[in-house]
Amino acid sequence: MLEKLGAAQARYDEISAKLSDPKVVSDNKLYTELMREYKNLTPLIDVYKLYLKASSDYEDAKAALEDGDAELREMAQEELLSAKGRMEQYTEELKILLLPRDPDDDKSVIVEIRAGAGGEEAALFANSMFRMYSMYAAHQGWKIDVMSSNPTELGGYREISFGVEGESVYAKLKYESGVHRVQRVPETESQGRIQTSTVTVAVLPEVEEVDVNINPADLTIQTYRSSGAGGQHINKTESAVRIIHNPTGTVVECQEERSQMKNKDKAMKMLYSKLYEAEKTARDSAIAEERRVQVGSGDRSERIRTYNFPQSRVTDHRIGLTLYKLDDMMNGNCDEVFEALRVADRTAKLLKQES
């Protein structure tokens, strides 16, 4: 561990020196990349410095114990125990901070929500989920950009795709992929019976062209007139865009913008992210043991959470967490659940690393 920490400290010092170099400062891309790495290393280096200070205090206390003065030895014994306790605390923190980071954690994302079982009630819950993520994004200072939607007559969504742009978006939202189940009494239910419906959520890291190679010859690009529920938002021009990636059969479409060019740009963003996710899933399947360590597999068919409205209860099945704060969560106050998932994932990886 100390060898890794020494290497991290050397890299941190190297980056620090480069960030004051005028040539680096003038290169926006390089400067941004170095700043990101510097920021990611800072928590580790801060704790490492505390560990070194505690270690130094420990050695000083050991030396003082050899002094003949009884009062000084008593003080040294107290400092020895204190320093040892701090070293143990910082050692555990450093183990966690040294865990490999997900390279996608800093990326913005594209979220897809699709109504599953439950008909119109599922579509209405898809809208509720979109509202929840939108409010959470607002709390985080992130930006939401709707890319594609298929609304229903009653205000739900058969499906909706939207981008979320900001700092460490994927790190906080990546555990949301899977099946979300809702139990509530639909407004259209006169007998007051509880109905169970589902929506499927997929969280895709947004990637650049350099991350995925797409041959333009492999694409079929179609244009059509956009449409909405009840005939609303219908364009008289063919501004909506559908792109088909022929080798994989992946289809993306966007009709939210009035400009065909803007819709095409958004659709291409979605395509890059979908193909990147497919490659990532294939890699993860090749290292199945690593997938088992993670909180959930990220599989869209996995039931991950239940929202029970009559009991105001939300249960995350992957970590056995139950909270009676459903209204809070649906209003975008999701940090308690999201943080519990992050900690559980980190703890599982730490246990695997030590086994």
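The model is predicted, and local features were accordingly taken at pLDDT of at least 70 and side-chain atom pairs at pLDDT 80 or more, whereas totals for chains, interfaces and linings use all residues. Residues are numbered from 1 along each chain as its sequence is written, and side-chain values use heavy atoms, with hydrogens and water left out.

The chain contains 10 helices and 11 strands, where helices (H or I, at least four residues) and strands (E, at least two) are DSSP runs numbered from the N terminus. Of its 355 residues, 39% are buried; buried denotes under 20% relative accessible area, exposed over 50%, and partly exposed the range in between (1.4 Å probe, protein chains only). Contact is defined by heavy atoms within 4.5 Å. Among contacts between residues at least 6 apart in sequence, 62% join residues at least 24 apart.

In soluble globular proteins, nonpolar side chains tend to be buried together. A nonpolar core is here a set of buried Ala, Val, Leu, Ile, Met, Phe, Trp, Tyr and Cys residues joined through side-chain atoms within 4.5 Å. The largest such core comprises 34 residues, and V111, I113, M129, V164, L173 and Y307 have the most contacts inside it. Two or more residues each are contributed by strand 1 (109-115), helix 5 (119-140), strand 3 (157-165), helix 6 (169-173), strand 5 (195-205), helix 9 (326-330) and helix 10 (335-354). Helix 5 gives the most, with 8 residues. The surroundings of I113 were examined with its neighbours within four places in sequence left aside. I113 is then in contact with A126, M129, F130 and Y133, with R158, E159, I160 and F162, and with V199, T200 and V201.

Two packed helices are described by the angle between their axes and the distance between the axes. Axes are lines fitted to C-alpha atoms, for helices over the stretch in contact, with angles from 0 to 180 degrees between N-to-C directions. The axes of helix 1 (residues 2-18) and helix 3 (residues 28-65) come within 9 Å and cross at roughly 130°. The two helices are therefore oblique to each other, given that angles under 35 degrees count as roughly parallel, over 145 as roughly antiparallel, 65 to 115 as roughly perpendicular and the rest as oblique. Their crossing is left-handed, a term applied if the near helix is turned anticlockwise from the far one by less than a right angle, clockwise being right-handed. Residues of helix 1 at this contact include L2, L5, A8, Y12 and I15, and those of helix 3 include L34, Y38, L41, I45 and Y48. Helix 3 also packs with helix 4, their axes coming within 8 Å and crossing at roughly 155°. Helix 3 and helix 4 are therefore roughly antiparallel, and this crossing, too, is left-handed.

Side chains of opposite charge can pair when their charged atoms come close. The structure holds 24 salt bridges, each a side-chain nitrogen of Lys or Arg within 4 Å of a carboxyl oxygen of Asp or Glu. In the pair formed by K174 and D105, the closest N and O atoms are 2.9 Å apart. K174 lies in the loop between helix 6 and strand 4 (178-184) and D105 in the loop between helix 4 (70-97) and strand 1, so the pair ties together parts 69 residues apart in sequence. Both partners are buried, K174 with a relative accessible area of 14% and D105 with one of 11%.

R114 forms a salt bridge with E159, with the closest N and O atoms 3.8 Å apart. This pair links strand 1, which holds R114, to strand 3, which holds E159, across 45 residues. R114 is partly exposed at 30% relative accessibility, as is E159 at 27%. E206 and K269 form a further salt bridge, with closest N and O atoms 3.8 Å apart. E206 lies in the loop between strand 5 and strand 6 (219-224) and K269 in helix 7 (residues 260-286), so parts 63 residues apart in sequence are tied together. E206 is partly exposed at 22% relative accessibility, and K269 is partly exposed at 40%. Salt bridges that share partners also join R11, E14, K18 and E37 into one network.
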